[in-house]
Amino acid sequence: MPSTSASTRIHNFSAGPAMLPLPVLEQAQRDLVSLPGVGMSVLEISHRSKTFEDLLDTAIADIRGLAGIPPHYKVLMLQGGATLQFSMVPMNLLGAGAAADYIDTGSWADKAIKEAKKVGTVNVVATTKADQYARIPRQDELKLTAGAAYVHMTTNNTIEGTEWKAPPNVGSVPLVADASSNIFSGPIDVGRFGIVYAGAQKNLGPSGVTLVIIREDLIGRAGPTVPIMLDYKIHAENNSLYNTPNTFGIYILGLTAKWLKSQGGLEAVARNNQRKAGKLYAEIDRTGFYRGTAQKDSRSLMNITFRLGSEALEKIFEKDATAAGLDGLKGHRSVGGMRASIYNAFPEAGVDALVDFMREFERKNG
Ligand SMILES: *Cc1c(COP(=O)(O)O)cnc(C)c1O
C-alpha cells in the first residue's frame, strides 16, 4: 500500500540528512501509531522494554550480518554525531605520551584533527590540501609514525567528493575510519579497522544515531577523567543502553539494514552505486561543459561534485534544477559548485532525471 504522499516526492540530492529508502518510510508511517503486536508507538516505549531490546538486538545482528563484522568487534549506537567521535576517539585511545596519525583529505578530516589536537599529540601524516583536496593520497605519501596510537582516515570526503578505493596499509597500528558518508555503500573489510564510525544521517537512517564498530581490545583504554558518556567501555558493557538512546533513530536504522539486505547485500548495493555514479560521471565528462572537481581515480560514488563555466551559470543551473524538482544540488558553502549526493537510498530514476536535465541545460546554455 503506497502512501498517498509518495507520488509527490521530488528528487532529493541532499548531502545529509539524506534520502531514506521509500519502503522504510512507508513501514515507519504504517506502524508509527501502533507497532504490530505491541499496541504502542515505537516513540512511546521504554528503552528497557523487551520490545525495544529486541529491536536493538535485531538491528545490530542485521548490521553484523550485512557487513560480516567479526565476533571480536562490538557494534554501538551512540549519540553526538560523527563530530563527537572526533573527540571520543582521542579521549579513549590517545594516552599520555602517545601520538596519533591523521590523514588530512578534506574539511571533515581537518575538523577531526583539530579536536584530536586538544587531547594529545597529532601527526598529520599526509595532506592533499595543496590540491584543493581533489584526490586521495597514495600509500607512498603517508609518513606514518612508528608506534602511533592509531591512524585516522576519512573514507569518503563528503564535501570534496573524493573516496578511498581501499583502506591504506598501516601495519599493526589500529586504523580508525570516519565512514559517515559511504558506510555500507559496498562491502567493507571490518577486520582491517580498529574503529569504524558513522553518523547515520547519510547512508543509514536519520540524524541522532552514530554507529560505532569497535575492536574489543580498543575498549577500556579511557583514563579516569574521561566523562562516562564518552567512554566506549560503558556503552559496550551496557549494549548502548547506559542512558536513553535515540530509540526512534535506532528503529529506522534497523529497518534500513533490512532494506539493504533485501537489495541483495552490500555487493549488490555496490553494483547499484557504481552504475548510478557511472551515469553521472559519464555525463560530466561527455563534452567539457561540466567539470568534475575530484581527480578521476579518487572520485566518490556518493557525493558527485562538479562545476560549470562560471558561478553565474551555476546559480542558474541550481535555480532551474530546483524548479524542475531536483533539490539539494548546491555544493557545500565552503567549496561552491554543484554536488549530487546519491547515497544507497537514492533511486536510479533520480540519477536519470538529473542526467536528462544536465543535457537539456547544456543544450540551452552551452
Ligand atoms: C556529515 C559528516 C560528519 C559530521 O557528522 P555529524 O553527525 O553531523 O556530526 C563527519 N564526517 C563526515 C565524513 C561527514 O560526512
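Predicted model: local features only at pLDDT ≥ 70, side-chain atom pairs only at ≥ 80, totals over all residues.
Local features need pLDDT of at least 70, side-chain atom pairs count only at pLDDT 80 or more, and totals for chains, interfaces and linings use all residues. Residues are numbered from 1 along each chain as its sequence is written, and side-chain values use heavy atoms, with hydrogens and water left out.

Start with residues 107-119, helix α4. Helices here are DSSP runs of H or I, at least four residues, and strands are runs of E, at least two, numbered from the N terminus. Within α4, colour A109, A112, I113 and A116, which are buried (under 20% relative accessible area; exposed is over 50%, partly exposed in between, with a 1.4 Å probe and protein chains only). Then show α3 (81-93), β3 (99-104), β4 (121-127) and β5 (151-154), against which the buried residues of α4 pack (contact is heavy atoms within 4.5 Å).

Next, select R275 and E348, whose side chains meet in a salt bridge at 2.8 Å, N to O (a side-chain nitrogen of Lys or Arg within 4 Å of a carboxyl oxygen of Asp or Glu). This pair links distant parts of the chain, with R275 in helix α7 (265-285) and E348 in helix α9 (348-365), 73 residues apart. R275 is partly exposed, at 40% relative accessibility.

Stay in α9 for E360 and R363, three residues apart, about one turn of the helix. Their side chains form a salt bridge of 2.7 Å, N to O. R363 is exposed at 62%, while E360 is partly exposed at 34%.

Finish with D131, R135, R138, D140 and E141, a network of salt bridges.

Conventions: Expected span 1.5 Å × (residues − 1).
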